[in-house]
Amino acid sequence: MSDKITFTIDGVEVQADPGQTILQAASLAGIYIPRLCARKGLEPHGSCRVCTVLINGRPQAACTQPAAPGAVVDNSSEKLVMFRKNLIEMLFVEGNHFCPVCEKSGNCELQALAYRLGIAAPKYPFQFPIRDLDMSHPDVMLDRNRCILCARCVRASRDLDGKHVFDFIGRGPHRRIGIDTSARLKDTKLDVTDQAAELCPVGAIMKKRVGYAVPIGKRLFDEKPIGSEIENRQTP
Ligand code: SF4
Ligand code: FES
């Protein structure tokens, strides 16, 4: 007897292995659930809430919620899309995300989600924070004004690079990305080839001198909307 779990997403039957999350099972089935903190290869973190779905009518983070037999998952209702739009808009105004002058434009997952959800301009007032930049490292820069606190760099440095270069410091509105006991990025063990330098979804951690190697208009999400790589897995 198969030990597969069967459940539905927007009326489509999906199968999962025991222990798989809703988000993992959906992705394997060619169904895109928006996400920012989740990333293949990293432990789920469950912090951004962009992956929220309704499971049997209750909001849950799809990246941390295991698939359950018979679960009825809503990934596309108007109410849910509005919730995600609000979250994305709040992330935009909480930091300084000036897409036209950001080197990450076209490769930025936050920007790409805004496009996918049809957000032209946030309805909330911009906060224009003034947070520390760290340009001290020869090959990698850190701009905390663009950080969305997704913890990808924290998990990547700890679990993939084995270094623990990044961690959070401060609480509430003062929470920000910190670096290990060294005062500056240049004094850490961070290397430009580290996964921690690779996986930031926005323009907060970027490699130096390669920002315009691919011209604007030819970048990842200029060519195809975010999530299409998952949806294109769907069998016809
Ligand atoms: S620096 Fe980038 S990867 Fe790290 S927490 Fe901020 S947004 Fe996420
Ligand atoms: S992707 Fe699930 S909470 Fe961020």
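**Close-up views of a predicted model**

View 1. Look next at strand 7 (residues 140-143), which is joined to strand 10 by three bridges in the antiparallel sense. One pair to pick out is Val140 with its bridge partner in strand 10, Lys207.

View 2. Which residues lie around ligand 1? They are Cys147, Ile148, Leu149, Cys150, Ala151, Arg152, Cys153, Ile177, Cys200, Val202, Ala204 and Ile205. Sorted by class, this shell holds 11 nonpolar residues and one charged residue, with no polar ones.

**View 3. The largest nonpolar core.** This core has 57 residues, and the members that touch the most others are Ala26, Cys51, Ala62, Leu110 and Ile148. Both domain 1 (5-76) and domain 2 (103-222) supply at least three residues to the core. Zoom in on Leu110: beyond its neighbours within four places in sequence, Leu110 is in contact with Leu36, Ile88, Leu91, His97, Ile148, Pro201 and Val202.

View 4. The protein chain is assigned domain 1 (5-76) and domain 2 (103-222). Taken over C-alpha atoms, their centres are 25 Å apart. To their contact, domain 1 gives 10 residues and domain 2 gives 14 residues. On the domain 1 side, the touching residues are five nonpolar, three polar and two charged.

Key:
Residues are numbered from 1 along each chain as its sequence is written. Chains are lettered from A and ligands numbered from 1 in the order in which they are written. This is a predicted model: local features need pLDDT of at least 70, side-chain atom pairs count only at pLDDT 80 or more; totals for chains, interfaces and linings use all residues. A residue is near a molecule or strand if its C-beta atom, placed from the backbone, lies within 6 Å of it. Ala, Val, Leu, Ile, Met, Phe, Trp, Tyr, Cys and Pro count as nonpolar, Asp, Glu, Lys and Arg as charged, and the others, Gly among them, as polar. A nonpolar core is a set of buried Ala, Val, Leu, Ile, Met, Phe, Trp, Tyr and Cys residues joined through C-beta atoms within 7 Å. A residue is buried if 20 or more other C-beta atoms lie within 10 Å of its own, exposed if 12 or fewer, and partly exposed in between; C-beta atoms are placed from the backbone. Domain bounds come from an automatic or database domain assignment. Two residues are in contact if their C-beta atoms, placed from the backbone, lie within 7 Å. Two strands pair if DSSP finds at least two bridges between them. Helices (H or I, at least four residues) and strands (E, at least two) are DSSP runs, numbered from the N terminus.
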